[in-house]
Amino acid sequence: MNRAVKLIASLLVTLVFSWWAFRDTDWQSQVSSLKSANYLWVGPYFVILTLIHVARTLRWGCLLSGMERVPFRKLNEASGIGFMMLLVLPFRLGEFARPLLIAQRSSIRRSAAMTSVVLERITDGISVAVLMRVLLFFVPAEVPEVRYVKLGANLMFAVFAGGLVFLLFALWHQARAVHLVRATVGRVAPGVADKMADVVDTFVGAMRQLPDRRQMVGFFVYTALYWGLNGAGMAVLSRAFGLNLSLFQAYVVMSVLVVGVMIPAAPGMVGTFQAAIKVGLSLFVPATVVNGSGLAYANVMWLCQTVQQIGFGVVLMSLGHLSFKDIAGKLDKEQQASVPSA
């Protein structure tokens, strides 16, 4: 029943955002844009997507190096398949894929690997929220959508910064953090509190195995490269549709996109992806252009990213003689085992 409710809710979110994104679409203009687009720009965009994949794989390796130096081949296999799983599986099951896969290829425990994934998310959330808030100082205040984007940036920063503060508190005062969880969440849902307390304990233990300073510097360098390439790629692809976004505009649109795809929706990010691109473009481009070539650009970008992630995952799965069904089944069992009883 719980999964059915989640599935229905995610589908409703997708439908609502899809309706909003396409409600004012000039379909004739969008089709014309798709037909007349210069698809030669797709080639460089796929090259950039490949570099993005390498950058985020290497930065994950930097975080894991405090526990074990995993060879790139094994790291790449776990990363590529994991990101594919994150895209296509419902209920955020894909979040557990990389930790599961790297644990099968190294001596790193899944719980410790999951900690590295959480640290990545926190770093990305804070980085993008700060970047967006800084960039918005240079966007004209009279643009109506700015206030919504600023609100999204503030909420994003509050969530991830709050999570980081609590985890740092848990690192310094582990017993008190566990007691705090039991004293607050435990009053409402004791089963959930017990699980959260175990997570905090596990997280703190893994945090004590952080890599050395050189590897941490590498982690932040690859993070900057990862987001830098993302924005540059969006600027490159915009030229296929005559939008010709500057790097500044592309980074703003990218930041809005990150906020948008954080909204829980059906697998594939359909709807939330297009809606976020629409909001981002609306800060710089007239509505008539956004609802025509702008949405054509959003759809092609979504398709390119989806094809790249699934393509890499399928190739790496085939080379490793792995079964999608087996991996998904293990992830499903792991999530079911992690659901606490109320």
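The model on screen is a predicted one.

R98 has a relative accessible area of 6%, so it is buried under the 20% cut-off.

Now select helix 5, residues 97-104. Is this helix enclosed or open? With 6 of its 8 residues buried, helix 5 is largely enclosed by the rest of the structure. The buried residues are A97, R98, P99, L100, L101 and I102.

Next, select E95 and R121. They also form a salt bridge, and here the closest N and O atoms are 3.1 Å apart. The pair joins distant parts of the chain: E95 lies in the loop between helix 4 (72-88) and helix 5, R121 lies in helix 6, and 26 residues separate them. E95 counts as buried at 14% relative accessibility, whereas R121 is partly exposed at 30%.

Move along helix 6 (residues 110-135) to D124. Its relative accessible area is 11%, which makes D124 another buried residue. Which residues does D124 touch, leaving out those up to four places away in sequence? They are R59, M156, T223, Y226 and W227.

Of these contacts, show R59 together with D124. The two form a salt bridge whose closest N and O atoms are 2.6 Å apart. Again distant parts of the chain are linked, as D124 is in helix 6 and R59 in helix 3 (residues 42-64), 65 residues away. Both partners are buried. The count of salt bridges in the model comes to 5.

For the last stop, turn to the second largest pocket, which holds about 620 Å³ of space. To find its centre, select Y148, V149, V256, A275 and V279, the closest to that centre of the 27 lining residues. Which elements give two or more residues to the lining? They are helix 1 (2-22), helix 7 (146-172), helix 11 (247-261), helix 12 (272-282) and helix 13 (287-319). Colour the lining by residue type to see how it divides: 18 residues are nonpolar, 5 are polar and 4 are charged.

Terms used. Residues are numbered from 1 along each chain as its sequence is written. This is a predicted model: local features need pLDDT of at least 70, side-chain atom pairs count only at pLDDT 80 or more; totals for chains, interfaces and linings use all residues. Side-chain values use heavy atoms; hydrogens and water are left out. Buried means under 20% relative accessible area, exposed over 50%, partly exposed in between (1.4 Å probe, protein chains only). Helices (H or I, at least four residues) and strands (E, at least two) are DSSP runs, numbered from the N terminus. On a 1 Å grid over the protein atoms alone, a cavity is a set of points where a 1.4 Å probe fits but cannot get out, and a pocket is an open set with protein on both sides within 12 Å along at least five of seven lines; lining residues have an atom within 4 Å of a point. Grid points are joined across faces, edges and corners, and a volume is the space filled by probe spheres set on the points. Ala, Val, Leu, Ile, Met, Phe, Trp, Tyr, Cys and Pro count as nonpolar, Asp, Glu, Lys and Arg as charged, and the others, Gly among them, as polar. Contact means heavy atoms within 4.5 Å. A salt bridge is a side-chain nitrogen of Lys or Arg within 4 Å of a carboxyl oxygen of Asp or Glu.
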